[in-house]
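This report describes the architecture and side-chain contacts of one protein model. The sequence and structure are shown first, followed by the analysis.

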Amino acid sequence: ASATVHWLATRRNSISRLRYRDDPAILAWELCNEPRAVAAAAARPQRQAAFMQWVSSTAALIKRLAPRQLVTIGSEGWTPYEDYVNVNYTAAHLDPNVDFLTVHVWPQNWDWYDPAGSMRVALERSREYLARHIASARAINKPLLLEEFGLVRDGGRYDLRGSADRRHEFYSALIRQAAAAPEVFGITPWAWGGEGRPRVAGGRGAAR
């Protein structure tokens, strides 16, 4: 694994010829997308300790290789399934080589939202979830990136012509909350709500 990280950090961009570790276009390195320390109940303490060691050693390695770029874990946050995920979110981000926290908010994935039902519960729980992670960032004096959040089109449809009013309401609520928090330094909405099509008609995989 260390060899792979070294290869990636020192690889040259084929266009700019800059090594990735020197490329100002790269904001940060994520250790993993939504890493978890999943284990049977009896093994959770040992697995969580191994997770913390992995964070510490990998973040330190990247900082040695790319000292001018930021490092983050890539965490989704506490999630509604803390025992299953088995990660102490705040403690993990205390590592001195981890520069900022991330949080993901997926109300439908977490059964907070039914496209056929009301938005009230989804909005309430999403705001509470974001507030908890803002508090974690404040507690350890590190910035927070609202890195992933999204919602399906109204009614769960994928039609490009379908309404997305509820998504707009959801985005507006979280973006306003994040923008009002000094701990939040960035916002990156992420959603898949339509059908991918090539820009050039007749391109590979063109929709018919």
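## Basis of the description

A salt bridge is counted where a side-chain nitrogen of Lys or Arg lies within 4 Å of a carboxyl oxygen of Asp or Glu. The model is predicted, so to speak of local features requires pLDDT of at least 70 and side-chain atom pairs count only at pLDDT 80 or more, whereas totals for chains, interfaces and linings use all residues. Residues are numbered from 1 along each chain as its sequence is written, and side-chain values use heavy atoms, with hydrogens and water left out.

## Salt bridges

The structure holds 7 salt bridges. One of them joins the side chains of K63 and D99, with an N to O distance of 2.8 Å. K63 belongs to helix α2 and D99 to the loop between α4 (89-92) and β3, so this contact ties together parts that are 36 residues apart in sequence. Helices (H or I, at least four residues) and strands (E, at least two) are DSSP runs numbered from the N terminus. For accessibility, buried means under 20% relative accessible area, exposed over 50%, and partly exposed in between (1.4 Å probe, protein chains only). K63 is buried at 16%, while D99 is partly exposed at 22%.

A salt bridge also forms between R120 and E124, whose closest N and O atoms are 3.3 Å apart. Both residues lie in helix α5, 4 residues apart, about one turn of the helix. R120 is exposed at 51% relative accessibility, and E124 is partly exposed at 37%. The side chains of E183 and R138 meet in another salt bridge (2.8 Å, N to O). This pair links distant parts of the chain, with E183 in the loop between α6 and β5 and R138 in helix α5, 45 residues apart. E183 has 15% relative accessibility and counts as buried.

## Overall architecture

The secondary structure comprises 6 helices and 5 strands, arranged along the sequence as α-β-α-β-α-α-β-α-β-α-β. Taken along the principal axes, the C-alpha atoms fill a box of roughly 50 × 50 × 35 Å. Of the 208 residues in the protein, 42% are buried.

## Strand pairing and crossovers

Strand β3 (residues 101-105) is largely enclosed by the rest of the structure, because 5 of its 5 residues are buried. Both faces are covered: L101, V103 and V105 are buried on one side, and T102 and H104 on the other. Two strands pair if DSSP finds at least two bridges between them. β3 runs parallel to strand β4 (residues 144-149), to which 5 bridges join it; H104 has E148 of β4 as its bridge partner.

A crossover is right-handed if, with the strands pointing away from the viewer, the path from the first strand over the helix to the second runs clockwise. β3, helix α5 (residues 120-140) and β4 make a right-handed β-α-β unit. β4 is in turn joined to β5 by 3 bridges, and these strands also run parallel. L146 has I187 of β5 as its bridge partner. From β4 the chain crosses through helix α6 (residues 165-179) to β5, in a β-α-β crossover that is right-handed.

## Aromatic contacts

Rings of Phe, Tyr and Trp (its six-membered ring) pair if their centres lie within 6.5 Å; planes under 30 degrees apart count as stacked, over 60 as edge-to-face and the rest as tilted. By this rule there are 9 aromatic pairs. Among them is the edge-to-face pair of W112 and Y129, at 5.9 Å centre to centre and 70° between the planes. W112 lies in the loop between β3 and α5 and Y129 in helix α5, so the pair ties together parts that are 17 residues apart in sequence.

F170 and Y171 form a tilted pair, with 6.3 Å centre to centre and 40° between the planes. F170 is buried with a relative accessible area of 0%, and Y171 is buried at 17%. Ring pairs also link W110, W112 and Y129 into a cluster.
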